[in-house]
Amino acid sequence: MYIDKDMKMADAIHYNYLLLPVINRLGVQLGFGDKNIEKVCQEEEVDLDFFLVIINAFLDHDLNKTLKIQSVSIEKIVDYLKATHQFYLEQMIPEVENRINALIQNFDINQNQFLLVKNFFEEYKKELYLHTQLEEKTVYPYVVDVYQAYQSHQLSQELLDRIKDYPINSYAQEHSDIESKLFDLKNILIKYLPQPKHSYQRNQVLTALFKMENDINDHSRIENMVLVPMISEMEKQLLTKSAQK
Amino acid sequence: MIVIAIKDFIIRKGLESILRKNNMQHKIICIKSSLELKQLLLDERPRLVYVDNNRLEEFSLLQKEKAIILVEIFKEKTSVHSANTMNHILCIDGEEVEINRQIKQHLDLYENSAERKKSDSELSDRETDILREVALGKTNKEIADYLFISAHTVITHRKNITRKLGIKTVSGLTVYAILNKIIQMEEM
């Protein structure tokens, strides 16, 4: 389903509650009454087109359909992606951690099994952190540089070399491992840890993991289907221009 | 995996959604051309394929693959079908009950095919050997040398292990191996 500007903001949330953190990150908080999306965005000074691109990207996996992706500013996408990183590190990771800790407090699993799960998640946490650092310190600044060069028609030699040596596509693979590990952890909890007396605590961990996975998949989708193609196209045009000189 | 190779968009989508309602557990892929099929056969091992009856030639590749159950799509009932081939056709002019009955038959064939049973069961002994070495942190090359097999064989085994267990990363496999006592924590 495509969400458009005339839909009530509240209906969008009813349609899929997983949009909650997404609209927060975009600068919209609860309490919007019966206003439609256009009105809420206007009042909160949120870019309407950008808002629609992001929430539709979150809901619908096929981005190519109707969205005005081209009109969206790169800086806004980068800001949004940074906000998702912050959300993972400050909210989702601690939430999962707390729920994993609750497993041992409630004697749901024995000490060794607990350590296995905990260490696995620790490792994951480190990887996720390194990944966000790589993106924020290397990839995003590069993206902004390319965008600005594209806008101003001024391409430095340094950036030109960078485009040739490490184009945006060379980072596209980065996400796969982050997603694989989460996938594995889910299967370990669902299939391979011995049966618990009560499933409740374990369900809690799993629900948190599913939510996190869903959000991370969305993050990759926006990178791989919006950001990377846009930057890739700009790189191509910049290279062609510099060759003509 | 189930493949739908039908030309008409509506029929393709319709069949896909009916199949999804009937069984949730299998991957379903729609393809349009024999080119896509070629690629698919390289990467995956489809077991049940739906194809338009007038395009069999285009998809002749399929008939060579013995393990594949091929179902032909007919727009309307014809009298030429013998009892033998009834399981391998789908006439799309029926009502819901009739269509579901036919699809049920195809899915039964699929579930019962020997190939599928074999490939979806537990890890083989050899795979368990490989998993053990992977969990201990050895590289493909080291495992190959240790077990006197080629690195290529190791990779094939690893793919099958991942498919069977639903675990992709080395650390995930290690956790699995410990939980199932394939390795001991002290060996790490």
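Visitor: How many salt bridges does the rule find across the interface of domain 1 of chain A and domain 2 of chain A?
Guide: In this predicted model, local features need pLDDT of at least 70, side-chain atom pairs count only at pLDDT 80 or more, and totals for chains, interfaces and linings use all residues. Side-chain values use heavy atoms, without hydrogens and water, residues are numbered from 1 along each chain as its sequence is written, and chains are lettered from A and ligands numbered from 1 in the order in which they are written. A salt bridge is a side-chain nitrogen of Lys or Arg within 4 Å of a carboxyl oxygen of Asp or Glu. Across the interface of domain 1 of chain A and domain 2 of chain A, the rule gives a count of two.

Visitor: With which residue does the side chain of Arg25(A) meet in a salt bridge?
Guide: The N to O distance of this pair is 3.0 Å. The partner of Arg25(A) is Asp215(A).

Visitor: Which element gives the largest share of the side of domain 1 of chain A that touches domain 2 of chain A?
Guide: Helices are DSSP runs (H or I, at least four residues), numbered from the N terminus. On this side, α2 (19-25) and α4 (48-59) of chain A each supply at least two residues. The largest share, four residues, comes from α4(A).

Visitor: What is the area buried between domain 1 of chain A and domain 2 of chain A?
Guide: The bounds, from an automatic or database domain assignment, are 9-59 for domain 1 and 73-244 for domain 2. Buried area is the accessible area (1.4 Å probe) that two parts lose on being put together, summed over both. In domain 1 of chain A, Arg25(A), Phe50(A) and Phe58(A) lose the most area to domain 2 of chain A, together 52% of what that side buries. Carbon and sulfur atoms give 66% of the total between the domains, which is about 1100 Å².

Visitor: How many residues of chain A are in contact with chain B?
Guide: Contact means heavy atoms within 4.5 Å. On the side of chain B, 13 residues take part. The number on the side of chain A is 15.
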